[in-house]
Amino acid sequence: MEKSKISIKSIVAIGIGAALFFVLGRFVAIPTPVPNTTANIQYGILSVFSVIFGPLVGALAGFIGHTLIDLSWGSPWWSWIIASAVFGLLIGLVKKKIDIENGVFGVKEIIIFNVAQIIAHGICWVGIATALDILIYKEAFSKLVAQSLTAWGFNSLTTAIIGTLLLIAYAKTRTKEGSLKKED
C-alpha cells in the first residue's frame with residue numbers, strides 16, 4: 001500500500017480549522033471605520049492551527065474557511081481568499097521554529113510568533129490582497145491603501161492577542177520532553 005501524503009489528523013484539523021474560521025469570520029467580524037474591512041479574530045485561530053499542524057493545514061483551512069465566508073455573503077473575493085491561504089501557509093512555517101508539541105512557548109517563542117504573524121499579515125494584506133485586487137478586480141489603489149493597512153493592523157492585533165493566548169494555553173497542555181521520570 002502506498003503511504004498517504006496527508007494524515008487523517010491533518011484532514012480533521014483542516015475541517016475544524018476551516019469551520020472555526022468560517023463561523024468566527026462570518027459571525028464575529030468587528031466593523032472598522034474603513035468600508036468593507038473588518039477586524040477579524042479568525043486569524044488568531046488560524047495561526048494556532050497553522051503553528052500546531054503546519055503550513056498545509058494552515059493554507060487549506062484559511063482557503064476553505066475564507067471561501068465559505070465569501071460564499072455565504074454571495075460571491076468569493078479571490079484576492080482576499082488567496083491572502084488568507086498564504087497567511088496560514090506562512091504561519092505554518094513557524095512550526096519549525098517553535099517546539100509547541102513539547103510544551104515550549106516562552107518569551108522567545110512568543111516574540112518569534114508575533115514577529116512572523118505581523119510580517120505575514122503585511123505580506124498578505126498590503127502585498128498579495130492589494131496586488132490581486134488591482135489585477136483581478138481593477139480596484140482603485142487609493143481605496144486599497146486604507147483597506148490593506150486597516151486589515152494588516154487589526155488582524156495583527158487580534159492574532160497577537162488571541163493566537164498568543166491560545167498557544168500559551170496549548171503549550172501548557174503538552175508534556176515537556178524529559179519531564180517524566182520512571183518510578184522505581
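Ile100 has a relative accessibility of 1% and therefore counts as buried, since buried means under 20% relative accessible area. The model in which this residue is placed is a predicted one. Ile100 belongs to the loop between H4 and H5. Leaving aside residues up to four places away in sequence, Ile100 touches Val51, Ile52, Phe105, Leu167, Tyr170, Ala171 and Arg174. One of these, Ile52, is 48 residues from Ile100 along the chain, and the two C-alpha atoms are separated by 6.9 Å.

H4 consists of 15 residues, and the distance from its first C-alpha to its last is 21 Å, close to the 21 Å expected at 1.5 Å a residue. Which residues of H4 are buried? They are Ser79, Trp80, Ile81, Ala83, Ser84, Ala85, Phe87, Gly88, Ile91 and Gly92. The cover over these buried residues includes helix H1 (8-27), H2, helix H3 (55-73), H5 and helix H6 (141-173). An α-helix has 3.6 residues a turn, so residues three or four places apart point the same way.

The aromatic rings come next. The model holds nine aromatic pairs. In one of them, the rings of Tyr43 and Trp125 have centres 5.5 Å apart and planes at 75 degrees; because planes over 60 degrees apart count as edge-to-face, this pair falls in that class. Tyr43 is in helix H2 (residues 42-53) and Trp125 in helix H5 (residues 107-137), so the pair ties together parts that are 82 residues apart in sequence. Both Tyr43 and Trp125 are buried. Trp125 also pairs with Trp80, in a tilted arrangement with 4.9 Å from centre to centre and 35 degrees between the planes. Trp80, like Trp125, is buried. Ring pairs join Phe21, Tyr43, Trp80, Phe87 and Trp125 into a cluster. A charge over a ring is found at another tryptophan: Arg26 lies over the face of Trp73, at 3.6 Å from the ring centre.

Trp80 leads on to the open space in the model. Rolling a probe the size of a water molecule over the atoms shows where empty space is left. The largest pocket contains about 640 Å³ of space. Its lining is made up of 23 residues, and those nearest its centre are Asn36, His66, Asp70, Trp77 and Trp80. Helices H2, H3, H5 and H6 each contribute at least two residues to the lining of the largest pocket.

Thr67 is in helix H3, and its relative accessible area of 12% makes it buried. Apart from residues up to four places away in sequence, Thr67 touches Trp78 and Ile81; Ile81 is among the buried residues of H4. Ser156 lies in helix H6 and is likewise buried, with a relative accessible area of 8%. Where does the chain approach Ser156? With residues up to four places away in sequence left out, Ser156 touches Gln117, Ile118, His121 and Ala151. Ser156 and Ile118 are 38 residues apart along the chain, and their C-alpha atoms are separated by 5.3 Å.

How values were computed:
Residues numbered from 1 in each chain as written. Predicted model: local features only at pLDDT ≥ 70, side-chain atom pairs only at ≥ 80, totals over all residues. Heavy atoms only, no water. Phe/Tyr/Trp six-rings, centres within 6.5 Å; stacked < 30°, edge-to-face > 60°. Helix = DSSP H or I, 4+ residues; strand = E, 2+ residues; numbered from the N terminus. Buried < 20%, exposed > 50% of the residue type's maximum accessible area, 1.4 Å probe, protein only. Lys NZ or Arg CZ within 6 Å of the ring centre and 35° of its normal. Expected span 1.5 Å × (residues − 1). Contact = heavy atoms within 4.5 Å. 1 Å grid on protein atoms, 1.4 Å probe; cavity = no way out; pocket = protein on both sides within 12 Å on 5 of 7 lines; lining within 4 Å. Points joined across faces, edges and corners; volume = space filled by probe spheres on them.
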